[in-house]
Amino acid sequence: MAYQGLHGVCRGGIALDVAARNDSACFTAIGFNVLQHNREYARTLVVLQREQPDVLLLMETDSLWLAALEPFHTTYPHVSPRALDNTYGMVFATRLDVDDAQFRHPTSADTPTFYATLTTQGGQSFDFVGLHPRPPLPGQDTDKRDASIARAARRQDHDLTPALAMGDFNDGAWSRGLDAAFPASYTLAGWPLDRSS
């Protein structure tokens, strides 16, 4: 299991405006790829119950994952589930106010992207994008993955509304060319590690 928590701007959370560090401007967020074929539901629940994020994006959720995590999801006033058996399912959940939340399929009918407008307790609105594009493969172009990320970015460039993009961007090192990333001292014997975005 792997998860990324976005923390550090104000008392363990995120503030959209670095100058705003009061509790009403802050929130916590976790993007968590559960790995669909992993069935360690209890371990995942332990992490989620411990962290209690205000914004949660789960990736690779199939119907079994949705059923297993349903008791936790009921603690959120807004939950948008999309169960898929192809490793591209998602669950979005939040305790923030929600406007215009929806799944879209910009590049492929079976690879959703989640869009929402959220508002913090302090009244700051921001756009949220949840992404899990298909990964690049050696010898295969990254056009679809890049198009999914680019569409999300273009959607935000029309105004100055803050935006948060979360997800598993599937950005392997070979998508930028052949470069061994680890161990750094063995260039020819190294291998590309997935880079977090």
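This is a predicted model: local features need pLDDT of at least 70, side-chain atom pairs count only at pLDDT 80 or more; totals for chains, interfaces and linings use all residues.
A search of the whole structure returned seven aromatic pairs. In the pair formed by phenylalanine 27 and phenylalanine 126, the ring centres are 5.0 Å apart and the planes meet at 10°, so that the arrangement is classed as stacked, the limit for this class being under 30 degrees. Because phenylalanine 27 belongs to strand β3 (residues 26-27) and phenylalanine 126 to strand β10 (residues 125-131), this pair ties together parts of the chain that are 99 residues apart in sequence.

An edge-to-face geometry is found for phenylalanine 72 and tyrosine 76, with 5.4 Å from centre to centre and 70° between the planes; both of these residues are buried. Elsewhere, Phe92, Phe103, Phe114 and Phe128 are linked into a cluster by ring pairs.

Helix α1 spans residues 41-51, and its buried residues include Tyr41, Thr44, Leu45, Val47 and Leu48. When α1 is viewed down its axis, the buried residues fall within an arc of 160°, and they therefore line one face of the helix. Such a pattern can be read from helical geometry, because an α-helix has 3.6 residues a turn and residues three or four places apart consequently point the same way. The face turned away from the buried side of α1 carries Ala42 and Arg50, which are exposed. Just after α1, glutamine 52 adopts a positive phi of about 45°.

Four strands, in the order β8-β9-β10-β11, make up an open sheet with mixed pairing. Strands β8 (97-104) and β11 (163-167) stand at the edges, where each has a single partner strand, so one side of each is left without a neighbour in the sheet. From one strand to the next, the twist averages 15°. Strands β10 and β11 run parallel and are joined by five bridges; in this part of the sheet, valine 129 stands opposite alanine 165 of β11. Strand β10 is also the strand that contains phenylalanine 126.

Definitions and conventions: Residues are numbered from 1 along each chain as its sequence is written. Side-chain values use heavy atoms; hydrogens and water are left out. Rings of Phe, Tyr and Trp (its six-membered ring) pair if their centres lie within 6.5 Å; planes under 30 degrees apart count as stacked, over 60 as edge-to-face and the rest as tilted. Helices (H or I, at least four residues) and strands (E, at least two) are DSSP runs, numbered from the N terminus. Buried means under 20% relative accessible area, exposed over 50%, partly exposed in between (1.4 Å probe, protein chains only). The arc is that of the directions from the helix axis to the C-beta atoms. Two strands pair if DSSP finds at least two bridges between them. Axes are lines fitted to C-alpha atoms, for helices over the stretch in contact, and angles run from 0 to 180 degrees between N-to-C directions.
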